[in-house]
Amino acid sequence: MKFADLHLHTQYSDGTFSPAELVEHAAQHQLAAIALTDHDTVEGCAPTARECAAAGIEFISGTELTAEFNDTEVHLLGYFLDTQNARLLAEITKFQTVRQQRIYEMVARINESGVPLDVQSVFALANCKSPGRPHVARALFKAGLVKHLDDAFDRYLKKGRVAWVPKARMSALESIELIHQAGGLAVMAHPGLNRTDEIIPGLVAAGLDGIECFHTKHTAAMAEHYLQIAEKYHLLVTGGSDCHGYSKAKPLIGSVKLPYEQVEKLTAAVRARRQPDPGGNGRAQ
Ligand code: AMP
Ligand code: ZN
Ligand code: FE
Ligand code: FE
């Protein structure tokens, strides 16, 4: 059996692995295909694609966008993206800028609460265009200001805490359209995390292509539930570990195994979208 992991982060956003380290782990787990889904960036795709080519692993370019539908937050994964697409790049660059501003805001609030965290230490540690809360957590830990990373989230960074700053969210409808015009497929990430099934019909109507049924934080029952939803709405099925490297316990890569036949269905769907059958409806199902 061949397997894939289609939800992975590197140091181009808030993961800790370099592309080479990520692909080394993918090879150790004998994965046939991986997708890179760094938050609001596709910068890591080219180097990861090179590492994958050298290791004989199929690579799918991707990103993870933070979106909203009717005030409900939803993470959307874009797959098979043209990483040179001008509109995609312009749009994610805006979100990177907002992420950088958010770091200043979070650190200012931490400072106001009497904790002397240097904002430049966060940027130095993040060393990427798409910084996020895990970088603030790691900088707090490195400066000896918290006991561990979870402590940083519990005391400062999680919703409702002093340094929690909401993240800018793209409209889900615009996100789906943005992904499509960049040649990609739009997939709802980890739907079981916040149990927001009520927004699925609206996303489907907007052109959602797939749903992430298998995820580290999904129970077997949740996976089964979303497989049924995928069947009901004719959605493609994806899955991935959401590995952030060593930022949490042991690296999660390879712990969620998507059967490779689902990757073949994704590939067929993206091909059909790009070369619509004149007699068909352009979808692969
Ligand atoms: P951001 O995109 O900046 O809001 O950061 C979100 C990231 O923080 C996600 O990738 C999560 O993996 C991570 N995260 C969220 N909550 C926690 C938590 N309580 N402990 C550790 N990591 C977390
Ligand atoms: Zn992340
Ligand atoms: Fe997510
Ligand atoms: Fe993720």
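1. Helix 5 is mostly covered, with seven of its ten residues buried. Buried here means under 20% relative accessible area, exposed over 50%, and partly exposed in between, with a 1.4 Å probe and protein chains only. Helices (H or I, at least four residues) and strands (E, at least two) are DSSP runs, numbered from the N terminus. The model is predicted: local features need pLDDT of at least 70, side-chain atom pairs count only at pLDDT 80 or more, and totals for chains, interfaces and linings use all residues. Residues are numbered from 1 along each chain as its sequence is written, chains are lettered from A and ligands numbered from 1 in the order in which they are written, and side-chain values use heavy atoms, with hydrogens and water left out.

2. The buried residues of helix 5 are P134, H135, V136, A137, R138, A139 and L140. Their cover includes helix 3 (86–112), helix 4 and helix 6 (149–157). After helix 5 comes G144, with a positive phi near 75 degrees.

3. N127 sits in the loop between helix 4 (119–126) and helix 5 (133–142). Its phi is near 50 degrees, a positive value in a residue other than glycine. Most residues other than glycine have a negative phi. N127 counts as exposed, at 66% relative accessibility.

4. D242 also deserves a check of its backbone. Its phi is positive, about 65 degrees, although D242 is not a glycine. The residue is in the loop between strand 9 and strand 10. D242 is buried, with a relative accessible area of 12%.

5. The zinc ion (ligand 2) is coordinated by D14 (OD), D14 (OD), H39 (NE2) and H244 (NE2), at 2.0 to 2.6 Å. Donors are N, O and S atoms within 2.8 Å of the metal (3.2 Å for Na, K and Ca); water is not among the atoms, so sites may look incomplete. The sequence spacing of the zinc donor residues is D-x24-H-x204-H. D14 is buried at 7% relative accessible area, and H244 is buried at 9%.

6. The iron ion (ligand 3) is coordinated by E64 (OE), H75 (ND1) and H190 (NE2), at 2.0 to 2.2 Å. In sequence, these donor residues follow the spacing E-x10-H-x114-H.

7. How far apart are the metal ions? The iron ion (ligand 3) and the iron ion (ligand 4) lie 3.7 Å apart and are bridged by E64. The zinc ion (ligand 2) and the iron ion (ligand 4) are 4.5 Å apart.

8. T238 belongs to strand 9 (residues 236–240). Is T238 buried or exposed? T238 is buried, with a relative accessible area of 0%. Leaving aside neighbours within four places in sequence, T238 is in contact (heavy atoms within 4.5 Å) with L6, Y79, V187, I211, E212, C213, F214, L258 and L266.
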